[in-house]
Amino acid sequence: MTREQDDMLRRGIGMTSQRTRERLIQRLYEEGVSNTRVLEVIRQTPRHLFVDEALAHRAYEDTALPIGHNQTISQPYMVARMSELLLEAGPLDKVMEIGTGSGYQTAVLSQLVERVFSVERIKVLQDRAKERLVELNLRNVVFRWGDGWEGWPALAPYNGIIVTAVATDVPQALLDQLAPGGRLVIPVGSGEVQQLMLIIREEQGFSRRVLGAVRFVPLLNGPLA
Ligand code: SAH
């Protein structure tokens, strides 16, 4: 950890009690998150810096919170679970994220994999997320303002892809951009009926695992200034 990151962390610990953070980690563990690296990274990532100051005191609750533009910062349990699923078969070097939002999941991922390529359709959210990652000195992330349905073909293939908004169907472009053995973690469905899925590119075709009901904001169409 760099000096800067260390300073950020200390400031974070000052603002929200260390006990509250420990309670969150304990809760994630009890809910079945078992990857200790994931738990450690979540413990060290100052989530309160990713929400409005007025909501900072709730940042270590295991709940999604509003970040403006009708969007939410993902629930810590979902961030942990999806990260763990991505990493289940071993370390990853290139991961694409669809739906940067606040940049919280991005920040967590960036500490778990070599490089993150993060796509967001709302420019102002992306700009703010970029600033936060620079503040935290997390430098292995590049951002694209665009439509996640299309992925980021120029830099494909990816060993992992994570989608943090619910898609009505699995976007074909994302399947196309998976490397052999690559893993796609994505909520699929609409409205109240959404399932978290893990799709793996096998030698022949794709395998699919359904992991249970989830609740995400929708994956919309096209970039938005
Ligand atoms: N992981 C984020 C979650 C943000 S909510 C966080 O923890 O903060 C989902 C995000 O997906 C929103 O920022 C939304 O703007 C974005 N999104 C929705 N449809 C998209 C699309 N087609 N392409 C890129 N981003 C999209």
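This is a short walk through one protein structure, which is a predicted model.

I'll start with the overall picture. The protein has seven helices and nine strands. Its radius of gyration is 16 Å, close to the 17 Å that the globule rule gives for 225 residues, so the protein is as compact as a globular protein of that length. Along the principal axes, the C-alpha atoms fill a box of roughly 50 × 40 × 35 Å. Of the 225 residues, 52% count as buried. Now take the contacts with a separation of 6 or more: residues 24 or more positions apart account for 55% of them.

Next, the strands towards the end of the chain. Strand 7, residues 178–190, pairs with strand 8, residues 193–201, in the antiparallel sense, over eight bridges. One of the pairs to look for is Val-188, whose bridge partner in strand 8 is Gln-195. The two strands form a hairpin with two residues between them, and in that turn Gly-191 has a positive phi of about 55 degrees.

Strand 8 also pairs with strand 9, residues 206–213, again in the antiparallel sense, this time over six bridges. Here Met-197 has Val-210 as its bridge partner in strand 9. This hairpin has four residues between the strands, and Gly-205 takes a positive phi near 70 degrees.

Those two were glycines. As background, most residues other than glycine have a negative phi, and most peptide bonds are trans. Which places in this model go the other way? His-69 does, with a positive phi near 55 degrees. His-69 is in the loop between strand 1 and strand 2, and it counts as partly exposed because its relative accessibility is 44%. Asn-137 is another, with a positive phi near 60 degrees. Asn-137 is in the loop between helix 6, residues 123–135, and strand 5. Its relative accessible area is 15%, so Asn-137 is buried, the cut-off being under 20%.

For the peptide bonds, go to Ala-156 and Pro-157. The bond from Ala-156 to Pro-157 is cis, with omega near 5 degrees. Pro-157 is found in the loop between strand 5, residues 141–145, and strand 6, residues 158–163.

Where is Val-51 placed? It is in the loop between helix 3, residues 36–44, and strand 1, residues 65–68. Val-51 counts as buried because its relative accessibility is 7%. What is it in contact with, leaving aside its neighbours within four places in sequence? The answer is Ala-56, Ala-59, Leu-65, Ile-73 and Arg-132. Val-51 and Gly-68 are 17 residues apart in sequence, and their C-alpha atoms are 9.5 Å apart in space.

The largest pocket has a volume of about 490 Å³. It is lined by 33 residues, and the closest to its centre are Gln-71, Thr-72, Thr-164, Ala-165 and Val-217. Which elements each supply at least two residues of the lining? They are strand 2, residues 71–73, helix 5, residues 104–110, and strand 4, residues 115–120. Strand 2 gives the most, with three residues. By type, the lining divides into 16 nonpolar, 13 polar and four charged residues.

Notes: Residues are numbered from 1 along each chain as its sequence is written. This is a predicted model: local features need pLDDT of at least 70, side-chain atom pairs count only at pLDDT 80 or more; totals for chains, interfaces and linings use all residues. Side-chain values use heavy atoms; hydrogens and water are left out. On a 1 Å grid over the protein atoms alone, a cavity is a set of points where a 1.4 Å probe fits but cannot get out, and a pocket is an open set with protein on both sides within 12 Å along at least five of seven lines; lining residues have an atom within 4 Å of a point. Grid points are joined across faces, edges and corners, and a volume is the space filled by probe spheres set on the points. Ala, Val, Leu, Ile, Met, Phe, Trp, Tyr, Cys and Pro count as nonpolar, Asp, Glu, Lys and Arg as charged, and the others, Gly among them, as polar. Two strands pair if DSSP finds at least two bridges between them. Buried means under 20% relative accessible area, exposed over 50%, partly exposed in between (1.4 Å probe, protein chains only). Contact means heavy atoms within 4.5 Å. The radius of gyration is taken over C-alpha atoms; the globule rule is 2.2 Å times the number of residues to the power 0.38.
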